[in-house]
Amino acid sequence: MGSLPQIVEDCMGVLQLFSDGTVFRSENINFKDPVVHDNSVLFKDCPFDEKLNLHLRMYKPTSTKINGSINTNKLPIIVFIHGGGFCVGSRTWPSSHNCCVRLASGLDALVVAIDYRLAPEHRLPAAMDDAVSAVKWLQWRSQNLSDGGDDEWWSGTFDFDRVFIVGDSSGGTIAHHLAVRFGSGELDPVGIRVRGFVLLAPFFGGEVRTKSEEGPSEELLTLEILDRFWRLSLPAGENRDHPFANPFGPASPRLESLALDPVLVVVGGSELLKDRAEDYAKRLKELGKKIEYVEFEGKQHGFFTHDPFSEVANEAIQIIRRFMLENSN
């Protein structure tokens, strides 16, 4: 008799890869943070890719106020892409849900939180392709407002001319690749106008270690965990300089000629990935792109999504709001 399959990769018990290639995903995750049920927003789920059984969750504020008065204008749209190293996470997880509640109420916006296929069952570029599908769904929705029986959510309420894409961690990496696809003309902006991209602690990689990656480790994130996510999510046999991981790797697309929309990068000063986010912003600025880099001193990875109602999260909300206003005209 052969030996039983052994665990070869273990992501905190949430995801385990066995020696025979099978994958175990826990359905009993002990989340530390409860799901926030906030009367400030309404939310609903719907499919955006029925063939792949992919869903999204929409959030809209129950009332909107700007400068103390009721806002009668159409609300901007935020496409939110959750993190999790491309391997774990969901729009339904408390960190994602609570973050979207805060974004919707704090920014007076419709938030569309998307799911995507996860690695290692579906290695990159599956997640990036799914984000493209979600954008195309939004484009379709802009052209078919009366279809689907949910007119109360769409008709005359939201501004498809003011779309912002917000990605957290690996979602920030996906947002970067969406920016590249729009900037290269690969993605046609028909039906919507993307005004900018917000990368919250983007999950970039590379073979040469940065100073911040060398430590010290964060409370919830270590270099070992980062490397494991890349091993599980990159195409088989590829390393961290692959274009999916490293925006400036040897085979990555040149960004000089791309018409990139404005980018806001928000990062914690104590993140292992801080140097990569800072270098990304610096290089784009040197290429003449419109980019803003904001660093919150002493904060670790996920400081916004893990506690979106904190004082520092309120500061981040105001920074994102200003970025949206500056790039809405």
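Here are some exercises with worked solutions on the structure above.

The model is a predicted one, in which local features need pLDDT of at least 70, side-chain atom pairs count only at pLDDT 80 or more, and totals for chains, interfaces and linings use all residues. Residues are numbered from 1 along each chain as its sequence is written, and side-chain values use heavy atoms, with hydrogens and water left out.

**Exercise 1. Find how many disulfides the structure has, and explain the result for Cys87.**

Step 1. Start with the bond itself: a disulfide is a covalent bond between the sulfur atoms of two cysteines. Here it is counted when two cysteine sulfur atoms lie within 2.5 Å.

Step 2. Searching the whole structure gives zero disulfides.

Step 3. For Cys87, the closest cysteine sulfur belongs to Cys11 and is 5.5 Å away, so the two are too far apart for a bond. Cys99 is in no disulfide either, with the sulfur of Cys100 as its nearest, at 5.4 Å.

Step 4. Now look at accessibility, where buried means under 20% relative accessible area, exposed over 50%, and partly exposed in between (1.4 Å probe, protein chains only). Cys87 is buried at 0%, and Cys99 is buried with a value of 0%.

**Exercise 2. Work out the strand order of the eight-stranded sheet and which strands lie at its edges.**

Step 1. Helices (H or I, at least four residues) and strands (E, at least two) are DSSP runs, numbered from the N terminus. Two strands pair if DSSP finds at least two bridges between them.

Step 2. The order is 4-5-9-8-10-11-12-13, in an open sheet with mixed pairing.

Step 3. Strand 4 (41-49) and strand 13 (291-296) are the edge strands, each pairing on one side only.

Step 4. On average, neighbouring strands in this sheet are turned by 20° against each other, direction ignored. For such angles, axes are lines fitted to C-alpha atoms (for helices, over the stretch in contact), and the angles run from 0 to 180 degrees between N-to-C directions.

**Exercise 3. Follow strand 11 and describe its pairing with strand 10 and strand 12.**

Step 1. Strand 10 (residues 158-168) runs parallel to strand 11, and six bridges join them. In this pair, Gly167 is opposite Leu199.

Step 2. On to strand 12 (residues 263-268): four bridges join it to strand 11 (residues 194-200), and the two run parallel. Val198 faces Leu264 in strand 12, and Leu200 has Val266 as its bridge partner.

Step 3. Check how covered strand 11 is: seven of its seven residues are buried.

**Exercise 4. Describe where Ala175 sits and what it touches.**

Step 1. Ala175 belongs to helix 4, and its relative accessibility of 0% makes it buried.

Step 2. Contact means heavy atoms within 4.5 Å. Setting aside neighbours within four places in sequence, Ala175 contacts Ile81, Ile165, Gly167, Phe197 and Leu199.

Step 3. Ile81 is 94 residues from Ala175 in sequence, and their C-alpha atoms are 7.6 Å apart.

**Exercise 5. Find which backbone oxygens the side chain of Ser142 reaches.**

Step 1. Locate Ser142 in helix 2 (residues 126-143), where Ser142 is buried at 14% relative accessible area.

Step 2. A polar contact is a pair of N or O atoms within 3.5 Å; within protein, one must be able to donate a hydrogen and the other to accept it, and residues adjacent in sequence count only if both atoms are side-chain atoms.

Step 3. The Ser142 side chain reaches the backbone oxygen of Gln139 at 2.6 Å and that of Gly191 at 3.2 Å.

**Exercise 6. Explain how helix 5 is enclosed and how it meets the three-stranded sheet.**

Step 1. That open sheet has the order 1-2-3 and antiparallel pairing.

Step 2. Helix 5 packs on this sheet, touching strand 1 and strand 2, and its direction makes about 120° with that of strand 1.

Step 3. Of the 11 residues of helix 5 (residues 223-233), eight are buried, so the helix is largely enclosed by the rest of the structure. Among the buried ones are Phe229 and Trp230, and the cover includes strand 1 (7-11) and strand 2 (15-18).
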